[in-house]
Amino acid sequence: MPRIGLIHAMTGSIAPTKRAFDTAWPQAVLRNIVDDSLSVDVQASGLDDHMHLRFEQLADYAVSSNADGVLFTCSAFGSCIEQVKQKYPQMPVLKPNEAMMEEAVMIGGKIGVLSVFEPTVGSIVREMNEMAASLGKEVDVTARFIPGALDILRGGDEARYNRVVADAAGEMRDEIECDVMVLAMFSMACCGPAVAARLGPEVPTLTSPVSAVEKMKRLLSSP
């Protein structure tokens, strides 16, 4: 069975990642590698040289553990993950959001993005616009941070967390009239049903874990 190295910068990403694999690829063998200091340190240092080195070392450890593919689950570290991709071109190395962003860009139009982790906002806008350019698509991306939401989740009140994110999605939909809503973090996957119910079928709600797992499965299954 394929072994997947999962690299987490937040412990809250572990459960939604496992649920996604249970749903889309239960045969995969998962190896969780967690450094939750990353999500704290990046707010002080940004994506500096040392942060890039730390990501490379985490990937090295995953590869040394015989991983067939590496999936990063925190979306604030785009350039660090890109460097790992360059180091390991022979194996699938996925950013958490790239498969979901492809789906959003293909829908096109006005894309709303919500995040509960502020450093994600700038990186996901840049990456989505770069992806749109590479696919020859025109999109209008609006991304927002939801203050306080992550603290609610860390406090264990998932139902309230889901409501807060759904409320933010409804406000964004009404304000920018978006064509698709993207929940940027793996830890926001649990909000998907509440957001979808708030927005209705006219505005698709995309979450990243299942999209990422399905892409990893395709890449490792192809000859």
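The largest cavity has a volume of about 40 Å³. The structure described here is a predicted model, in which local features need pLDDT of at least 70 and side-chain atom pairs count only at pLDDT 80 or more, while totals for chains, interfaces and linings use all residues. Residues are numbered from 1 along each chain as its sequence is written, and side-chain values use heavy atoms, with hydrogens and water left out.

Rolling a probe the size of a water molecule over the atoms shows where empty space is left. Here a 1 Å grid over the protein atoms alone is used: a cavity is a set of points where a 1.4 Å probe fits but cannot get out, a pocket is an open set with protein on both sides within 12 Å along at least five of seven lines, and lining residues have an atom within 4 Å of a point. Grid points are joined across faces, edges and corners, and a volume is the space filled by probe spheres set on the points.

Two cavities of 30 Å³ or more are present in the structure. Around the largest cavity stand Ser75, Gly78, Ile81, Lys95, Pro96, Asn97 and Glu127. This lining divides into two nonpolar, three polar and two charged residues (Ala, Val, Leu, Ile, Met, Phe, Trp, Tyr, Cys and Pro count as nonpolar, Asp, Glu, Lys and Arg as charged, and the others, Gly among them, as polar). The second largest cavity, at about 30 Å³, is lined by Ile7, His8, Ala9, Leu38, Phe55, Phe72, Thr73, Cys74 and Phe77. Seven of these lining residues are nonpolar and two are polar, with no charged residues.

The largest pocket holds about 160 Å³ of space. It is lined by 14 residues, of which Val116, Phe117, Leu150, Asp151 and Arg154 are the closest to its centre. Helix H2 (38–45) and helix H7 (149–154) each supply at least two residues of the lining; helices (H or I, at least four residues) and strands (E, at least two) are DSSP runs, numbered from the N terminus. The most is given by H7, with four residues. Eight nonpolar, three polar and three charged residues make up the pocket lining by class.

Attention now turns to the helix pairs. The axes of H3 (residues 49–64) and H4 (residues 78–87) come within 9 Å and cross at roughly 45°, where axes are lines fitted to C-alpha atoms, for helices over the stretch in contact, and angles run from 0 to 180 degrees between N-to-C directions. H3 and H4 are therefore oblique to each other, since angles under 35 degrees count as roughly parallel, over 145 as roughly antiparallel, 65 to 115 as roughly perpendicular and the rest as oblique. From H3, Met51, His52, Phe55, Glu56, Ala59 and Asp60 meet Ser79, Cys80, Ile81, Gln83, Val84 and Lys87 of H4, contact meaning heavy atoms within 4.5 Å. The contact of H3 with H4 has six nonpolar, three polar and three charged residues.

Helix H10 (residues 208–221) takes part in a crossing with H5 (residues 98–107), the axes coming within 7 Å at roughly 105°. H5 and H10 are therefore roughly perpendicular to each other. On the H5 side the contact is made by Glu98, Ala99, Met100, Glu102 and Glu103, and on the H10 side by Ser208, Ser211, Ala212 and Lys215. Three of these residues are nonpolar, two polar and four charged.

H10 also crosses H1 (residues 14–24), with axes within 9 Å and an angle of roughly 55°. That makes H1 oblique to H10, and the crossing is right-handed. Pro16, Ala20, Phe21 and Ala24 of H1 make the contact with Pro209, Val210, Val213, Glu214 and Lys217 of H10. By class, this contact has seven nonpolar, no polar and two charged residues.

Technical notes. Left-handed = near helix turned anticlockwise from the far one by under 90°.
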